[in-house]
Amino acid sequence: MKKMSEEDGWKRTPITGWVQERIRGLMPQPLVCVDATAGTGRDTLFLCRITPRSGRVYSMDIQEEALAIARERIREAGFADKVRFIAGGHEEMDRFIPERPDLIMFNLGYLPGGDHGIATSFPTTALAVTKGLKLLKPGGLMTLVVYSGGDSGYGERNALLPFLKELDSHRFTVILESFHNRPKEPPLPVYILKHCD
């Protein structure tokens, strides 16, 4: 049986991997990328793979544990020189990101295998999305994987979706996908395309 690689993401983790496949189609070679919620570094590694050799990736997380795991994953994959790791909350990205990104990814919730009490929440996520959309280049893309149910509850999702619906439709297109036959409360992928400043 063929061993599944990190690049077979959508087969291994259907929802987050599907988001990566969507990104490949919408923005095949972004030059500057931000992983706003580094977690274990899977999205950071994905961004390293799709950016050209001269590309840059910024990877943020508030948990040192997450950044340590992500750093090791990136080092093992040979991309250490391409990534700048940032210990800070995504709501502070305007302080840490010195250039305008083509692509910003969020994977909300908590660190897999980590403390479920440390998780994203609507107030900081809404601020991060607002600042991220301001930073994002026209023609750029922001993605969010929004969780609900279980430990995450519904608070962040139930506040975030109406917030996103109110984004200026002349400047942004917001697309929400649903995994209709997944049990319980599957994550919701959201794609925000920025048309102009």
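Okay, let's start with the sheet: seven strands, an open sheet, in the order β3-β2-β1-β4-β5-β7-β6, and the pairing is mixed. At the edges sit β3, residues 83-87, and β6, each of which pairs on one side only. Ignoring direction, neighbouring strands here are turned by 15° against each other on average. Before I go on, please keep in mind that this is a predicted model.

Let me zoom out for a moment. The protein chain has 7 helices and 7 strands. If you walk along from the N terminus, the elements come as α-α-β-α-β-α-β-α-β-α-β-α-β-β. There are 197 residues in the protein chain, and 48% of them count as buried. And if you take the contacts between residues at least 6 apart in sequence, 69% join residues at least 24 apart.

Back to the strands, then. A quick reminder: strands of a sheet pair through backbone hydrogen bonds, either parallel or antiparallel. We have an example of each. Strand β1, residues 32-35, runs parallel to β2, and 4 bridges join the two. In that pair, you'll find Val 32 opposite Arg 56 of β2. Strand β2 itself, residues 56-61, is mostly covered, with 5 of its 6 residues buried. The other example is β6 with β7, an antiparallel pair held over 5 bridges. There, Phe 172 stands opposite Lys 194 in β7.

Now, what lies on this sheet? Helix α2, residues 14-26, goes across β4, β5 and β7, and runs at about 170° to β5. Helix α6 packs on the sheet as well, touching β4, β5, β6 and β7, and its direction makes about 160° with that of β5.

Let's stay with α6 for a bit. How far apart should the ends of this 14-residue helix be? It covers residues 122-135, and at 1.5 Å a residue it should span 20 Å; the end C-alpha atoms are 19 Å apart, so that agrees. Its buried residues are Thr 125, Ala 126, Ala 128, Val 129, Gly 132, Leu 133 and Leu 135. If you look at that spacing, remember that an α-helix has 3.6 residues a turn, so residues three or four places apart point the same way. And what covers those buried residues of α6? The cover includes α5 (93-96) and α7 (155-165) among the helices, plus the strands β4 (103-107), β5 (141-146), β6 (172-176) and β7 (188-194).

One residue I'd like you to click on is Thr 143, in strand β5. Is it buried or exposed? Thr 143 has 0% relative accessibility, and the cut-off for buried is under 20%, so it counts as buried. Leaving aside neighbours within four places in sequence, the residues in contact with Thr 143 are Val 19, Ile 23, Ile 104, Met 105, Phe 106, Val 190 and Tyr 191.

Last stop, a pair of helices. Two packed helices are described by the angle between their axes and the distance between the axes. For α3, residues 42-50, and α4, residues 64-77, the axes come within 9 Å and cross at roughly 30°. An angle under 35 degrees counts as roughly parallel, so that is what we call α3 and α4. The crossing of α3 past α4 is right-handed. As for who meets whom, Arg 42, Thr 44, Leu 45 and Cys 48 on the α3 side meet Arg 73, Ile 74 and Ala 77 in α4.

Key:
Residues numbered from 1 in each chain as written. Predicted model: local features only at pLDDT ≥ 70, side-chain atom pairs only at ≥ 80, totals over all residues. Heavy atoms only, no water. Expected span 1.5 Å × (residues − 1). Buried < 20%, exposed > 50% of the residue type's maximum accessible area, 1.4 Å probe, protein only. Contact = heavy atoms within 4.5 Å. Pairing = 2+ DSSP bridges. Axes fitted to C-alpha atoms, helices over the stretch in contact; angles between N-to-C directions. Parallel < 35°, antiparallel > 145°, perpendicular 65-115°, else oblique. Left-handed = near helix turned anticlockwise from the far one by under 90°.
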